[in-house]
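Welcome! Please take a moment to look over the structure below, and then read on for a short tour.

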Amino acid sequence: MEEKEREALVGALEEFLNEGLERVILSSPADGEEIRKVRIRPILLRGELVFQAEEQRGTQAFHKNMNREETAAYVAGLLAGSLKQMELSAAGGTVHALVSKKGKMTVKIRRKMAVPAAGLPAPASHNRRKRYVLEEGKPVPFLVDLGVMTGDGQVVRSRYDKFRQINRFLEFIEDILPRLDRERENVIIDFGCGKSYLTFAMYYYLKELKGYSIRVIGLDLKKDVIARCNLLAERYGFDRLRFYHGDIASYEGVDQVDMVVTLHACDTATDYALSKAVKWGGAGDSLRALLPA
């Protein structure tokens with residue numbers, strides 16, 4: 001790869017390697033190369049935006065995190081030897097790079113219009129922008145830590161599906177608000193809470209935004225996930241949110257529950273959750289939201 005081609009590639013990469021990046025895919029390995037494919041995505045690590053590369057080597061995947069300059073150099077290095085094709089997709093446009101058998105690189109950049117022409121109104125679609133329960137532009141600490149938002153409240157482009165999923169879930173919660181009692185503490189159980197994006201969102205919405213008195217219990221079989229979630233709950237000061245290791249069938253930690261959430265239950269776990277909800281009584285709301293995991 002000639003120096004002029006490398007500079008053009010690195011310049012294009014540094015332009016699009018920001019929170020608007022959706023993905024970078026490198027493919028078409030050279031003969032005999034161990035690396036078969038590389039995917040790069042933006043993530044927040046301890047509040048800092050970094051770019052995580054996943055290298056496919058045979059049947060194994062290896063990960064590394066880099067800053068913008070390191071990522072640009074890393075991609076340029078791969079295209080100089082191991083891989084011959086790159087596709088970058090971002091909010092601001094796309095970049096395609098192709099290396100011929102003789103080593104000549106072609107780089108094509110397509111930029112999307114970001115600002116309307118002077119004196120003209122913004123497109124109608126901008127004026128009809130959907131309003132979410134958790135608004136974009138207003139940072140929510142747990143969404144920042146979980147890599148869904150940047151520190152200034154902007155949604156990471158590659159996590160928009162998760163952002164929409166969280167807000168859709170909160171719309172379900174909004175529908176059952178009349179069933180919760182404002183005069184006492186409401187107990188909520190989340191079975192199969194996993195990494196607990198939705199559990200944190202539910203607590204934040206009900207307690208912090210709506211002012212309900214609640215106690216939320218998250219339950220999952222993965223001990224490392226439970227430990228991580230409890231640390232985050234303490235960090236945010238969510239003192240009525242706790243996570244425990246256990247399964248749906250045997251949990252007996254409470255006598256009465258107002259709402260049961262089971263988004264990840266499957267097979268007989270769903271039956272156990274429904275049975276428990278009936279046994280505990282209370283408001284009798286058992287949610288099985290049709291949302292992706």
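## An enclosed helix

Among the buried residues of H6 are Tyr197, Phe200, Met202 and Tyr205. After H6 comes Gly211, which has a positive phi near 75°.

## How the model is described

This is a predicted model, in which local features need pLDDT of at least 70, side-chain atom pairs count only at pLDDT 80 or more, and totals for chains, interfaces and linings use all residues. Residues are numbered from 1 along each chain as its sequence is written, and side-chain values use heavy atoms, leaving out hydrogens and water.

## The whole chain

The protein chain contains 8 helices and 12 strands, a strand being a DSSP run of E with at least two residues. Of its 293 residues, 44% count as buried.

Contacts pair residues with heavy atoms within 4.5 Å. Of those between residues at least 6 apart in the sequence of the protein chain, 63% join residues at least 24 apart.

Note on methods: Helices (H or I, at least four residues) and strands (E, at least two) are DSSP runs, numbered from the N terminus. Buried means under 20% relative accessible area, exposed over 50%, partly exposed in between (1.4 Å probe, protein chains only).
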